[in-house]
Amino acid sequence: MSTKYLICSLFICFIGYNQIAAQSSPNTKESKVSILELPALLIAKDGQKIDSKEDWEKIRRPELLKIFKEEMFGNVPSNDIKVTAEEKIVNTNALGGKATMKEVVFTFSINSHELKATLLLFLPNNSPNPTSVFLSYNFDGNHTIFPDESISLPNSWMRKNTNYGMTDDTASPLSRGVKSFRWPVLNIVNRGYGLATMYYGDIDPDFDDGFENGIHALLSQKPNKSEWGSLATWAWALSKVVDYFETTNTIDHEKVIVMGHSRLGKTALWAGALDERYAMVISNDSGCGGAALSNRKFGETIKAINTRFPHWFNDNFNQYNDQEEKLSFDQHQLIALMAPRPVYIASAKGDRWADPEGEFLSGKYATPAYELYDLKGLDIAEQPPVNQPENSGHIGYHIRSGKHDLTVYDWEQYLDFADKHLDGIKN
Ligand code: GCU
């Protein structure tokens, strides 16, 4: 090989490598974000301008919901999944007598195939009955959110974590209470709210298993390209929990707040869009596929999320990998699907991967949907300063200091936001 040829080849390799690196490494520089080109919120597909809440509810909202179902989260296939819920009181004297702890075992079944999932409930003993509850999935099992020997360990798939004594994919008693820093149960109960939480892996294990496990496995057919991925199964099962709430007299089913962190924040938003029974929706650091605008291509992109987590969205969503400009929808429209219900979006300064600015902007650009109801959304020009929540409208927002996480500070803002908005709902 001639020296000239070798130098030339090395040069071509170098250029090629840089191009690949530029494409695959996420952008975390604001200066590199192109001018936003967002799909219109209040113009229907046929060009009609939406200027009343009636037209929003009859035309645009259903149209957007359909797009998100078909192009991103996936339709729920027609199914005959039967759901039953069996309640058992674990402790009427929890938290020093302040709360009653219950477990509700849900059975999802078709013929002889069944799946079990356990909801853990803390209901305040000294609050007016029925109580408003926060409903949220947890990442690591109900037993990790509070150190109490009587909380059942999940039997379903668990992410191996040797720090918590989990050497295979099953739960370990050594992990009791290890995530309690994310769940200030006493504060929640002291403020008069209940907490209902379920381990998300009970519904669908969070790995690419070819849809062989969890809820998907109950159905004889694998999802087609427009049908549900894991996020949609998690959102679907939350609605089944609300069905159960409607049968009890201890929980105020008109004051259920759906909340989630990160991938479970994406789930909470999708659950809130699908099921208008939630009185309030909260997204904590939900990022790409949640509150963050995809069009900004900042931090995690559609390609990055679909590559690492191919089971989260439906297959149709893959067509937008590196093709964000082809999107006829974006996440501000997902936020708008909550209108007129209060919605709260939270970011963390150190969570660049989730694009805090993009999370803020989706709240800002969802605001016109709230204005159709004469409600204030997130009507501010710029992201508020760190640790200075903006909660004066029906779209709340904060960016706190620190990293990607769910903290007591976040919970305090949610409790304040709930106090502010849910008192107005009938009791
Ligand atoms: C990854 C993923 C995010 C997700 C997060 C989480 O970082 O890329 O999209 O939100 O995990 O769920 O913790």
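**Figure 1. Lining of the second largest cavity in the predicted model.** By residue class, this lining divides into six nonpolar, three polar and three charged residues. The residues concerned are C288, G289, A292, L293, S294, K297, F298, E300, T301, W353, A354 and D355. The structure holds three cavities of 30 Å³ or more.

**Figure 2. The largest cavity and the residues around its centre.** The volume of this cavity is about 70 Å³. Its lining is made up of 13 residues, and those that lie nearest the centre are Y137, N138, F139, R182 and W183. Strand β4 supplies the largest share of the lining, with three residues. Six of the lining residues are nonpolar, four are polar and three are charged.

**Figure 3. The second largest pocket.** About 280 Å³ is the volume of this pocket. Of the 18 residues that line the pocket, S262, R263, W312, W353 and H404 lie nearest its centre. The lining comprises seven charged, six nonpolar and five polar residues. W353, one of the residues nearest the centre of the pocket, is also among the residues that line the second largest cavity.

**Figure 4. The open sheet of nine strands.** Across the sheet, the strands follow the order β1-β2-β3-β5-β4-β6-β7-β8-β9, and the pairing is mixed. Strands β1 (82-93) and β9 (395-400) form the edges, each pairing on one side only. From one strand to the next, the twist averages 20°.

**Figure 5. Pairing of strands β7 and β8.** Strand β7 covers residues 280-284 and strand β8 covers residues 343-348. The two run parallel and are joined by four bridges. At I282, the bridge partner in β8 is Y344.

**Figure 6. Helix α5 packed on the sheet.** The helix spans residues 230-245. Its contacts are with β1, β2 (99-110), β3 (113-124), β4 (131-138), β5 (194-199) and β6 (251-261). The direction of α5 makes about 155° with that of β4. Strand β4, touched by this helix, also contributes three residues to the lining of the largest cavity. In the sheet order, β4 stands between β5 and β6, and α5 touches both of these strands as well. The edge strand β1 is likewise in contact with the helix.

Conventions. Residues are numbered from 1 along each chain as its sequence is written. This is a predicted model: local features need pLDDT of at least 70, side-chain atom pairs count only at pLDDT 80 or more; totals for chains, interfaces and linings use all residues. Side-chain values use heavy atoms; hydrogens and water are left out. On a 1 Å grid over the protein atoms alone, a cavity is a set of points where a 1.4 Å probe fits but cannot get out, and a pocket is an open set with protein on both sides within 12 Å along at least five of seven lines; lining residues have an atom within 4 Å of a point. Grid points are joined across faces, edges and corners, and a volume is the space filled by probe spheres set on the points. Ala, Val, Leu, Ile, Met, Phe, Trp, Tyr, Cys and Pro count as nonpolar, Asp, Glu, Lys and Arg as charged, and the others, Gly among them, as polar. Two strands pair if DSSP finds at least two bridges between them. Axes are lines fitted to C-alpha atoms, for helices over the stretch in contact, and angles run from 0 to 180 degrees between N-to-C directions. Contact means heavy atoms within 4.5 Å.
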